[in-house]
Amino acid sequence: MKVSLDHFLEKLPLPATADWPDGVFHAEALSHGTMTLEVFAPRGEDRQRPHGQDELYIVASGEADFTREGEREHVRAGDALFVRASKDHRFEGMSNDFATWVIFWGPPGGEEPAPSPSVFASVDA
């Protein structure tokens, strides 16, 4: 199945909710088993709360600052970010064209660390 970033960005924001009074800036694009793919394009304040599953962000356009468990780093299109389940995180200072794919997967509480970490990178987040 193919999904298009532009198709989902045209639908945002969705109607406001109590948690997102300025409108909802994420939309589910597809799902299969425990995996869900969403488009997330926050404007103003990123009001997300920690999630019950592990997640992977792939920044599709724009740039922002990303804060995870008190550590801040600048991200831009092409960057990928991993967040373990239940960890506090958010985007701040997003550019007007900021959009990211976000992939949720695995059991509630997240997966256990891999027994054989990659020789290229370590994921400690």
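**View 1. Five strands form an open sheet in the order 1-2-8-3-6, with antiparallel pairing.** The model is predicted: local features need pLDDT of at least 70, side-chain atom pairs count only at pLDDT 80 or more, and totals for chains, interfaces and linings use all residues. Residues are numbered from 1 along each chain as its sequence is written, and side-chain values use heavy atoms, with hydrogens and water left out. Ser-61 stands opposite Ala-99 of strand 8. Strands (E, at least two residues) and helices (H or I, at least four) are DSSP runs numbered from the N terminus; two strands pair if DSSP finds at least two bridges between them. Axes are lines fitted to C-alpha atoms, for helices over the stretch in contact, and angles run from 0 to 180 degrees between N-to-C directions.

**View 2. An open sheet of 3 strands has the order 5-4-7.** The pairing in this sheet is antiparallel. Strand 5 and strand 7 stand at its edges, each with a single partner strand, so one side of each has no neighbour in the sheet. Neighbouring strands here are turned by 25° against each other on average, direction ignored. The antiparallel pairing of strand 4 with strand 5 runs over 6 bridges. Phe-66 stands opposite Glu-73 in strand 5.

**View 3. A salt bridge joins Arg-72 and Glu-92.** The closest N and O atoms of this pair are 2.2 Å apart. Arg-72 lies in strand 5 and Glu-92 in strand 7, so the pair ties together parts that are 20 residues apart in sequence. Salt bridges that share partners join Asp-65, Arg-72 and Glu-92 into one network. Glu-92 is partly exposed at 25% relative accessibility. A salt bridge is a side-chain nitrogen of Lys or Arg within 4 Å of a carboxyl oxygen of Asp or Glu. For accessibility, buried means under 20% relative accessible area, exposed over 50%, and partly exposed in between (1.4 Å probe, protein chains only).

**View 4. The side chains of Arg-49 and Asp-19 meet in a salt bridge.** The N to O distance is 3.3 Å. Arg-49 lies in the loop between strand 2 (35–40) and strand 3 (54–61), and Asp-19 in the loop between helix 1 and strand 1, so this contact ties together parts that are 30 residues apart in sequence. Arg-49 counts as exposed, at 55% relative accessibility, whereas Asp-19 is partly exposed, with a relative accessible area of 39%. The structure holds 6 salt bridges.

**View 5. The largest cavity is lined by Trp-20, Asp-22, Gly-23, Phe-25, Arg-43, Glu-45 and Arg-47.** A search of the whole structure finds 1 cavity of 30 Å³ or more, and about 40 Å³ of space lies in the largest cavity. On a 1 Å grid over the protein atoms alone, a cavity is a set of points where a 1.4 Å probe fits but cannot get out, and lining residues have an atom within 4 Å of a point. Grid points are joined across faces, edges and corners, and a volume is the space filled by probe spheres set on the points. The lining divides into 2 nonpolar, 1 polar and 4 charged residues. Ala, Val, Leu, Ile, Met, Phe, Trp, Tyr, Cys and Pro count as nonpolar, Asp, Glu, Lys and Arg as charged, and the others, Gly among them, as polar. Arg-47 and Glu-45 meet in a salt bridge (3.6 Å, N to O). Arg-47 is partly exposed, with a relative accessible area of 30%, and Glu-45 is partly exposed at 48%.

**View 6. Backbone geometry at Pro-13, Glu-69 and Ser-86.** Most residues other than glycine have a negative phi, and most peptide bonds are trans. The peptide bond from Leu-12 to Pro-13 is cis, with omega near 0°. Pro-13 is placed in the loop between helix 1 (5–9) and strand 1 (26–32). Glu-69, although not a glycine, has a positive phi of about 50°. This residue is in the loop between strand 4 (63–68) and strand 5 (71–76), and Glu-69 is partly exposed, with a relative accessible area of 47%. Ser-86, also not a glycine, has a positive phi of about 70°. Ser-86 lies in the loop between strand 6 (80–83) and strand 7 (89–92) and counts as exposed at 51% relative accessibility.

Conventions
1 Å grid on protein atoms, 1.4 Å probe; cavity = no way out; pocket = protein on both sides within 12 Å on 5 of 7 lines; lining within 4 Å.
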